[in-house]
Structure formats: C-alpha cells, structure tokens
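Colleague: Please show me the model, and then let us go through its architecture by question and answer.

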Number of protein chains: 2
Amino acid sequence: MNSPLKIGIAGLGTVGAGVVKLLAEHDKLLALRGGRPLKLVAVSARRKARKRDIDLTGVRWENDPMALATAPDVDVVVELIGGSGGVARRLVQAALKAGKHVVTANKALLAMHGAELADLAEKRDSILAFEAAVAGGIPIIKALREGLVGNRVSRLYGILNGTCNYILTTMRETGRDFDVVLAEAQAAGYAEADPSFDVDGIDAAHKLAVLTGTAFGARVNFAGVHVEGIRRVTAMDIELAAELGYRIKLLGLARETRYGIEQRVHPCMVKLDTPIAHIEGVFNAVVVEGDFVGTTMFQGRGAGQGPTASAVVADLVDVARGRSMPAFVVPAARLADKKASPIDRHIGAYYMRLMVQDRPGVIAAVSSILANERISLESMLQRGRSQSGEVPVVLTTHETEEAAMQRAVARIAKLGAVAEAPCLIRIEKF
Amino acid sequence: MNSPLKIGIAGLGTVGAGVVKLLAEHDKLLALRGGRPLKLVAVSARRKARKRDIDLTGVRWENDPMALATAPDVDVVVELIGGSGGVARRLVQAALKAGKHVVTANKALLAMHGAELADLAEKRDSILAFEAAVAGGIPIIKALREGLVGNRVSRLYGILNGTCNYILTTMRETGRDFDVVLAEAQAAGYAEADPSFDVDGIDAAHKLAVLTGTAFGARVNFAGVHVEGIRRVTAMDIELAAELGYRIKLLGLARETRYGIEQRVHPCMVKLDTPIAHIEGVFNAVVVEGDFVGTTMFQGRGAGQGPTASAVVADLVDVARGRSMPAFVVPAARLADKKASPIDRHIGAYYMRLMVQDRPGVIAAVSSILANERISLESMLQRGRSQSGEVPVVLTTHETEEAAMQRAVARIAKLGAVAEAPCLIRIEKF
C-alpha cells in the first residue's frame with residue numbers, strides 16, 4: 001500500500017464535519033480510488049467543545065489553525081474557515097509557502113486574492129484546489145479546467161446561489177412577496193439570520209468571479225462584477241414574467257465583449273423553454289458555451305454538507321494522485337489582466353414595469369422617451385384598472401445599450417403619472 | 001518550453017478531422033493549458049485521397065495504422081477507427097503494449113473489451129482515456145472518475161443516443177410515426193443509412209456499459225445490458241404519454257440491486273416535471289445519483305465533430321499533464337465482477353396500451369389477469385370509439401416485478417378482443 005495522504009482540516013462547521021464523515025465512511029473506497037489512503041491527521045476549529053457528531057479519535061486537535069500550515073505530518077491543508085481575509089487567508093498563504101497543498105471551499109478568499117494565491121502555489125509546485133467554492137457538489141471547476149479545456153469559452157452563466165433560487169421559486173409557487181418568503185426561509189434554515197450576503201448577490205458574485213477567472217484564464221476580478229440582488233423582485237413581476245413566458249432567476253453571467261470581460265449578477269428574465277428556467281429550489285446550474293463543445297449545462301445541489309464534502313474530497317483525491325494543473329488553468333504569470341466591461345456598455349433586452357395613473361397620455365409620454373433613446377419596444381402589456389387608480393404597465397424592449405435604458409428610466413421615473421420607481425429587469429437570450 | 005506531446009491519430013472521419021482542426025486552431029491555448037505543445041506528428045486513415053478540409057502539412061501519413069503503435073515519435077495514439085474488433089482493437093492493444101498512451105472514442109471496443117484494455121494500460125503505466133466514447137462533449141467520464149469520486153453511486157441514467165432522442169422529439173412535435181421521422185432524419189443526415197445501431201439501442205447500450213463500469217468500479221459487462229430500441233414506439237403512445245403527464249425517452253439506466261447490477265436500455269416514460277424529460281433533439285444528458293452529492297445532471301451535445309473533438313482533446317491535455325487514473329477508477333485487478341441483475345427481476349411501474357374490440361367484458365378480462373398476477377392499477381384511460389371498432393385502452397400500474405408483468409401481457413395478448421400485441425413501456429420514477 002502506498003503511503004497515505006495526510007490531511008489537516010481547519011474549520012469544523014457543516015462542511016468540515018461532512019468531510020470528516022465522508023473520509024471515514026468511504027475510507028476503503030477512497031484508498032482504492034485515490035491509489036493511497038486519505039488519512040485525517042489533524043483538525044482545528046474555534047470551539048473544541050461543540051457537539052459535531054463526528055469521531056475524531058486519533059486525530060490531533062490544534063488550537064491554532066496556523067499550526068496546520070507548518071505541521072510536518074500534514075501534506076494538504078483543507079481550509080473551511082471562510083472569509084476573504086483574516087485567519088483563512090493567512091492559513092492558505094502560510095500553507096502554500098510551506099509547500100503544502102491546499103483545498104478550500106472559500107469563494108470569498110478566491111474572489112479577492114485568487115491570482116495571488118495561484119502564484120504562491122505555483123512557486124512551490126503545490127496544488128491549490130477549490131471545487132467546493134462554486135456550485136457545491138457540481139464538478140464545474142474540473143469541467144472548466146479539464147473537461148472543456150479544449151474550448152475557448154464565449155459565455156458562461158448560472159444559478160449560483162441556492163438561497164436566492166429557493167426564495168424566487170417559492171415566491172413564484174406561492175405568489176407571496178420577498179419579505180414573507182425570506183422570513184420563512186430563515187425560519188426553515190434555508191437563509192441566514194443576516195441574509196444580505198446571499199440575497200444581495202455578493203455570494204453569487206464571488207462564485208462568478210472564480211468561474212470567470214477559470215473559464216477565461218484571466219485574473220479573478222471581483223471588483224469588476226456588476227451586482228444586484230433580489231430584494232426588489234416582487235410577486236407581481238414574477239407573475240407578469242410568467243404571462244410573458246419568462247421566469248425570473250438570479251444569474252451570474254460572464255462573457256467577453258469588445259470592452260473586456262462583462263461580469264454581471266442580477267435578476268434575469270429567462271424564457272421558459274430554456275433549461276436553466278427549470279432549475280428550481282436549492283439547486284444550482286452552470287451553463288458553459290464553448291467554441292467546439294457548444295452548450296453544456298451542469299446541475300446539482302449548490303450547497304449543503306454532503307454535496308460540498310463531495311467536492312472537497314474530489315480535490316483531495318486529485319492531490320492524492322498528484323494530478324495537478326495551474327489553479328486557473330494557465331500559469332499565474334500568464335493570467336490575462338482583462339478590463340471589466342462596464343455595465344453601461346451592456347447590450348441586452350429589458351423588461352420594465354411601471355405603476356402609472358390610469359389616465360390618457362401616459363403611454364404616449366413613456367413611448368416618446370424610449371423613442372428618443374432609440375429604444376424599440378417588443379411588447380406592451382397594460383393590466384386592468386385598480387381601486388387605487390394605479391395600474392401596472394409592462395414594456396419589453398429589443399436589444400439596446402444599458403446606458404440608454406438607464407437614461408430613459410430616469411426620465412420616465414420623473415413623469416407625474418408614474419407612481420413609484422420603475423422596476424427594470426434584464427432579459428437574457430440564450 | 002517543455003517537450004511537446006507527440007500525437008498519432010488513426011481514423012480521419014468526422015471526429016478525426018475535428019481533432020486535427022481543434023489542435024490547429026487552439027495550438028497556443030492548448031500549449032498554455034497543457035503545459036506543453038500538443039503536436040500532431042502522424043495520421044492514418046483508409047482513404048488518403050478523401051477531401052477532408054484539414055491541413056496535414058508536416059504530418060506523416062501512415063498507410064498502416066498499426067505503425068502508429070510502434071512509431072518511436074508517437075507518445076499517444078488517438079484511435080478513431082471504431083468497431084469492437086478488427087484494426088481498432090489490435091491498434092489499441094499494440095499501442096498499450098508498446099507503452100503508449102491511448103485516447104479513444106470507441107464505445108463498442110470499450111464495451112466489449114474494456115477491462116482487458118484497462119489491464120494492459122496499467123501493466124505499462126499508460127493512460128487509457130475515453131471521454132469521447134460517451135455523451136460526446138459532456139465530460140461525464142471525468143465527472144464519474146474524478147469529480148464525483150467521493151461518492152458511492154446508487155443509480156445513473158441518461159439519454160445516450162442523440163439520433164433516438166431526435167427521432168422521439170420530432171415524433172412528439174409533429175405527431176408523425178417512427179418510419180416517417182426516421183426517413184427524414186436519414187435524409188437530413190441525423191441518422192445513418194443503416195440505423196439499427198442507433199434505433200435498436202445498441203449504441204446506447206455500449207455507452208451505458210462503459211458508464212456503469214466507471215461509476216460502479218465493475219468490469220464492463222455489455223452482455224448484461226437488457227436492450228430494446230425505439231422502433232415500436234408509436235405516435236399514439238407519445239400522445240397518450242403526454243395526456244398522462246409523461247414523455248417517452250430512450251434511456252440507459254444502471255443501478256445496484258440485490259441480484260447484481262441492473263443495466264437497461266429501452267424506451268421509458270418519464271414525468272414531465274423531471275429535468276431529463278426536457279432534454280430534446282440531439283442533446284444528451286446523464287444523471288448521477290451519489291450518496292453524498294445527491295442528484296447531479298450533465299447535459300450537452302452527444303455527438304458531432306466539435307463536441308467529440310472537445311472530449312478527445314480534453315483527454316490529450318490530461319495525457320500532456322501526466323494526469324493519470326486507472327481507466328475505470330479502481331485498478332483493473334480490483335474491478336468487481338458483479339452479476340447482471342436479470343430483467344425478470346426488475347421492479348417498476350408500467351404503461352400498457354392495448355387495441356381492443358369495443359365490447360363488454362374486455363376490461364374485466366384484462367383486469368382479472370392483472371389481479372391474478374397481483375399487479376395493481378394506478379390508472380386506466382379508454383379513448384373514444386373508432387371506425388374500425390378498435391379502441392386504445394391505456395393502463396398504468398403500480399410497482400410490480402417484470403416477470404409478473406410479462407406473464408400478464410402474454411395472457412392479455414391472447415384475449416380474443418385484443419387486436420394487436422400490447423405495447424408495454426416501463427415508467428421510471430426519479
């Protein structure tokens with residue numbers, strides 16, 4: 001039997017405990033598949049006393065996670081602490097500098113410091129692996145790095161945050177509004193007490209930045225992601241979308257444009273006949289468009305103990321077998337430093353919903369503002385009368401530039417007959 | 001720059017020409033991603049004179065593909081000849097014996113001789129890679145071998161033949177019958193002049209056998225696959241399926257049962273709310289259920305020049321980087337030699353459509369036969385009267401054993417009022 005791969009885990013929350021369970025439950029299977037035993041030798045977590053339902057007999061406890069970075073009996077450090085800075089960053093840096101391999105699920109860390117860490121790993125010929133950082137158990141990083149490596153990727157997009165997708169799915173199914181569904185999701189444990197990381201799109205943006213870097217061989221550029229969350233999506237818009245043949249999804253999208261790489265996270269209208277429209281609840285999905293392979297889609301559970309542990313262990317088996325590759329496919333020094341294509345330059349179609357006083361001339365005024373910006377309408381839908389005297393008017397446009405659309409919206413918002421801020425949702429065509 | 005990986009390609013049909021194009025078009029990209037140039041040094045094909053629209057300047061032509069197996073300047077042989085025996089098999093054997101790596105798209109060869117070839121590869125520490133053999137550009141072999149390696153797979157299933165899926169999709173969309181749609185597909189180049197390999201399920205069965213071996217770490221057992229094609233699927237059954245909330249898909253399915261590994265390829269009824277029901281046209285999809293990851297699905301184009309070349313080149317980059325793994329995840333000597341679970345033991349629900357004389361007592365007779373076999377009905381649907389006096393009667397059952405169902409069908413077929421052989425389609429629950 002070959003010598004075991006000796007593993008140190010920092011962080012024993014849901015994911016860390018899952019990895020410990022998987023390593024124990026499938027130890028024989030993993031030894032066979034990995035070509036050598038995967039042996040957990042040390043762990044570190046904040047609270048030793050916490051009940052975790054895992055067996056740590058024979059595993060060394062380190063009070064200081066940094067000790068894992070230099071422990072002579074640790075070959076690979078699994079970083080499951082989280083956060084873009086602090087201990088997580090110091091630990092990963094120290095471990096790579098010490099020539100250890102690192103497996104991490106930390107999307108924030110990679111989004112902020114991915115290129116720097118990739119460079120550190122390469123200097124010592126270490127593996128930096130992060131399958132678990134994006135889309136839970138879906139092996140999408142491996143697909144981009146290896147399975148689709150022969151392609152130039154033209155576009156990728158996906159449902160990258162299960163909490164948002166669960167909330168949007170539930171809003172659609174029940175007809176209830178965001179606040180109500182969020183409160184229920186929090187009570188059920190599907191959303192955090194402080195939900196902003198998820199519902200404001202930050203988590204999806206971290207993941208998108210990592211995917212973009214991997215797919216385009218570019219320096220991870222989180223600051224270049226245009227981010228909008230789902231707080232402003234209403235049950236009314238979801239219902240109107242359905243009437244128009246769309247579903248509303250929070251997508252992360254990236255593509256190359258003449259201005260650089262466009263990265264966006266925001267609610268999108270997607271046609272009901274596209275596969276991604278049917279990814280519901282806590283599921284994630286990523287679509288990759290390559291020049292030879294065409295369109296591929298990968299779906300599965302985007303979070304949770306089992307799926308995330310599955311991804312961490314896949315990376316560990318790669319390390320056990322010595323299967324390496326630069327973290328972002330091409331060597332760190334060769335990562336392209338591409339400009340972020342500004343959202344103003346985005347070309348796309350739009351859905352705009354207005355609440356207007358039901359009186360003559362309003363539609364004419366709106367149409368005139370759009371025409372002035374050379375925005376052409378695809379459809380217009382006016383709903384019946386309401387008691388308040390305000391009725392929703394829905395417009396969808398043909399493709400236009402974001403900047404023109406934003407100018408038009410600003411002017412429309414100032415019309416006397418328009419009762420509240422217009423709701424604008426980008427329509428994505430696939 | 002590191003020394004190039006020297007490639008010899010045997011077979012320059014659609015896929016071979018695609019690989020040559022991809023290697024040329026993305027040569028710089030691949031050198032960067034593969035860590036060394038991927039250099040085509042030699043090719044062999046039956047007809048040198050054939051017009052192929054590829055540039056072979058500087059590439060040696062071998063009249064005998066077997067020369068590639070021993071050529072000192074070839075590191076990896078790409079076998080794209082096809083067929084389970086003959087030259088393809090001899091070439092792969094000889095190349096592996098000579099210590100060369102082999103990349104192949106040959107599902108028939110792997111289905112018949114997979115374990116033997118895996119053993120040959122291991123003896124010489126060579127890589128035997130076959131991403132292109134299953135589901136075209138979808139990196140499903142890599143997903144099973146690496147991305148989901150931490151899981152015990154409980155079940156997998158997929159749409160593995162694009163021709164059949166195209167025919168079934170078109171039959172549903174146009175309401176036309178199999179023969180008509182097949183003829184059109186042949187005229188359009190979507191189906192072969194001799195379509196039996198596809199429409200009789202053989203191609204899907206080859207792919208399923210390879211997937212099963214990879215997912216379960218078992219010796220590939222093509223003979224253990226129960227195979228039925230789509231020739232007997234009628235437009236009427238597709239329409240009736242829709243009324244019941246189902247679509248008819250040709251699936252390949254594998255799971256472990258108490259009798260061994262069950263492998264089946266046949267038309268299936270799948271509920272409209274399952275993702276796989278929405279994989280249409282020439283697309284393929286594979287669903288993998290793992291104990292930690294849960295349900296994952298991978299979809300993309302299942303055939304064609306670009307997608308298949310994408311898969312071949314992904315394998316070549318793995319070879320360039322020296323990323324190896326036993327062909328079927330576990331060492332050849334450790335591959336489980338599992339029994340094939342017989343189709344008689346299959347437990348599932350069924351759809352049965354009868355054409356019956358519209359006279360009293362028929363339903364009672366059918367019901368009585370089913371009751372005798374302890375098969376309980378889930379639903380029964382009788383369509384209106386017809387001019388011929390024969391009307392379709394559709395029954396769906398709860399779960400029962402295949403053997404009981406087949407006994408019942410044999411008896412029902414003999415009833416005087418039953419006009420033609422009953423149509424039986426298995427219902428799959430996911």
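Predicted model: local features only at pLDDT ≥ 70, side-chain atom pairs only at ≥ 80, totals over all residues.

Colleague: How many residues does the contact take from chain B and from chain A?

Modeller: On the side of chain B that touches chain A, helix 2 (27-34), helix 6 (140-147), strand 12 (294-301) and helix 12 (305-320) of chain B each supply at least two residues. Helices (H or I, at least four residues) and strands (E, at least two) are DSSP runs, numbered from the N terminus. The contact takes 45 residues from chain B and 45 residues from chain A.

Colleague: How many residues of the side of chain B that touches chain A are nonpolar, polar and charged?

Modeller: Ala, Val, Leu, Ile, Met, Phe, Trp, Tyr, Cys and Pro count as nonpolar, Asp, Glu, Lys and Arg as charged, and the others, Gly among them, as polar. By these classes, that side of chain B has 22 nonpolar, 14 polar and 9 charged residues.

Colleague: Which residue of strand 12 of chain B stands opposite A:Met297?

Modeller: Strand 12 (residues 294-301) of chain A and strand 12 of chain B run antiparallel and are joined by 3 bridges; two strands pair if DSSP finds at least two bridges between them. The residue opposite A:Met297 is B:Gln299.

Colleague: Which strands of chain A stand at the edges of the open sheet?

Modeller: In chain A, 6 strands form an open sheet with parallel pairing, in the order 3-2-1-4-5-6. Two of them have a single partner strand each, so one side of each is left without a neighbour in the sheet: strand 3 (60-61) and strand 6 (128-129) of chain A.

Colleague: What angle does the direction of helix 4 of chain A make with that of strand 4 of chain A?

Modeller: Helix 4 (residues 86-97) of chain A packs on the sheet, touching strand 1, strand 4, strand 5 (101-104) and strand 6 of chain A. Axes are lines fitted to C-alpha atoms, for helices over the stretch in contact, and angles run from 0 to 180 degrees between N-to-C directions. The angle is about 165°.

Colleague: Which residues touch the most other members of the largest nonpolar core?

Modeller: A nonpolar core is a set of buried Ala, Val, Leu, Ile, Met, Phe, Trp, Tyr and Cys residues joined through C-beta atoms within 7 Å. A residue is buried if 20 or more other C-beta atoms lie within 10 Å of its own, exposed if 12 or fewer, and partly exposed in between. Leaving aside neighbours within four places in sequence, A:Leu316 is in contact with A:Leu5, A:Ile7, A:Leu38, A:Val76 and A:Val103. Of the 310 residues in this core, those touching the most other members are A:Leu316 and B:Leu316.

Colleague: Which residue is the bridge partner of B:Val78 in strand 5 of chain B?

Modeller: Strand 4 of chain B and strand 5 of chain B run parallel, joined by 4 bridges. Both faces of strand 5 of chain B are covered, with B:His101 and B:Val103 buried on one side and B:Val102 and B:Thr104 buried on the other. The partner of B:Val78 is B:Val103.

Colleague: What percentage of the residues of chain A count as buried?

Modeller: Chain A has 14 helices and 17 strands. Of its 430 residues, the buried share is 55%.

Definitions and conventions: Residues numbered from 1 in each chain as written. Chains lettered and ligands numbered in written order. Contact = placed C-beta atoms within 7 Å.
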